[in-house]
Amino acid sequence: MPFGFEIDRRAFIASLGGPAVVAAMSHEARADALEHYAETKLEELAAQNQAALAGQQAEKFPTVAEIQAQIATRPTRRGAGSLFVAGRGENVKILERLPEKPTLLDFFRLRFQPANHVLQSATRALKTGMKEEVILACLLHDVVLNLIKPDHGWWGAQLVEPYVPEKTSFAIRYHQTLRFYADEEAGYEYPDSYHRTFGVDYVPPPHIQATYKMLKNHKWYMEPRMVTVNDLYSFDPKAVVTIDPFVDIIGRHFKQPKEGLGNDNSPVAHMWRTLANPDNPL
Ligand SMILES: [Fe+2]
Ligand SMILES: [Fe+2]
């Protein structure tokens with residue numbers, strides 16, 4: 001027990017994507033991943049101990065009906081993209097213009113910031129030795145939330161589909177579905193935050209249920225599953241993360257159009273233009 005507590009070997013291997021992935025990793029990558037896994041587990045144990053010490057009661061989550069009842073108490077709908085809504089009690093800010101031929105990195109800098117959540121998610125995926133298509137999926141999996149929130153898996157995949165490997169858009173499209181379904185072996189539990197966000201008695205709609213059924217037997221099931229595994233543990237507002245470690249991966253796998261995103265006449269160019277110019281009234 002070099003870490004002072006027991007490592008669940010099966011859960012560790014599953015968190016990396018299974019025995020085949022682990023076998024393909026270098027000795028060094030494996031050691032790094034183990035260390036990272038141990039750190040995460042240690043943090044979880046510390047948090048559990050703290051909660052126990054504080055004698056905290058289990059959180060009372062809202063019901064679906066209670067969440068429904070809040071709709072008419074807000075000036076905006078919950079599904080509005082975050083680029084279009086100011087923080088509570090604030091006004092929206094003037095946005096800096098994008099360069100004439102904007103790249104994905106320009107969008108990260110000028111429209112997706114702070115992008116903390118996706119950067120943390122991708123950072124975790126990188127540290128745990130995920131394949132590059134999955135790391136890219138983690139980096140892009142929620143950026144569409146700046147545009148629109150309902151069905152963000154489908155919108156998010158569509159936004160990048162012409163430019164990324166098929167496995168990457170597959171992982172983005174279906175992470176939304178798999179977030180609703182636990183997979184212990186892969187190291188994914190149904191998140192408490194979903195009890196908070198959707199209601200404790202929430203049942204996913206038929207299209208999500210049908211998609212889950214399809215995914216369970218799909219040969220690429222692990223691609224979106226690994227996005228959910230890296231998604232779950234990655235909310236930390238204080239973590240310092242940058243896009244720098246991903247610039248090469250973007251260069252290798254993101255087909256940046258030479259005209260700039262939004263100017264390339266692709267089937268999704270208008271989505272990038274909307275992100276570029278969210279102040280246009282029509
Ligand atoms: Fe998501
Ligand atoms: Fe996410």
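Start by selecting residues 222-232, helix α12, in this predicted model. Colour Met222, Glu223, Pro224, Arg225, Met226, Val227, Thr228, Val229, Asn230 and Asp231: each of these α12 residues is buried. With ten of its eleven residues buried, α12 is largely enclosed by the rest of the structure.

Which residues is Cys138 in contact with, leaving aside its neighbours within four places in sequence? They are Val227 and Asn230, together with Val118, Ser121, Ala122 and Ala125.

Next, show helix α6 (residues 116-127) and helix α7 (residues 132-140), and look along the place where they pack. Their axes lie 7 Å apart, at an angle of about 165 degrees. Angles over 145 degrees count as roughly antiparallel, and α6 and α7 are therefore roughly antiparallel to each other. The crossing of α6 past α7 is right-handed.

Now bring up the side chains of this contact. From α6 come Val118, Ser121, Ala122, Ala125 and Leu126, and they meet Val134, Ile135, Cys138, Leu139 and Leu140 of α7. Nine residues of the contact are nonpolar, one is polar and none is charged.

Finally, zoom out to the largest nonpolar core, which has 45 residues. Val134 and Cys138 are the ones with the most contacts inside it. To see where the core is drawn from, select α5 (104-110), α6, α7, α8 (152-160), α9 (166-178), α12 and α14 (269-276), each of which supplies at least two of its residues. Which helix gives the largest share of this core? That is α7, with seven residues.

Technical notes: Residues numbered from 1 in each chain as written. Chains lettered and ligands numbered in written order. Predicted model: local features only at pLDDT ≥ 70, side-chain atom pairs only at ≥ 80, totals over all residues. Axes fitted to C-alpha atoms, helices over the stretch in contact; angles between N-to-C directions. Helix = DSSP H or I, 4+ residues; strand = E, 2+ residues; numbered from the N terminus. Parallel < 35°, antiparallel > 145°, perpendicular 65-115°, else oblique. Left-handed = near helix turned anticlockwise from the far one by under 90°. Contact = placed C-beta atoms within 7 Å. Nonpolar A, V, L, I, M, F, W, Y, C, P; charged D, E, K, R; others polar. Buried ≥ 20, exposed ≤ 12 C-beta atoms within 10 Å, placed from the backbone. Core = buried A, V, L, I, M, F, W, Y, C linked by C-beta atoms within 7 Å.
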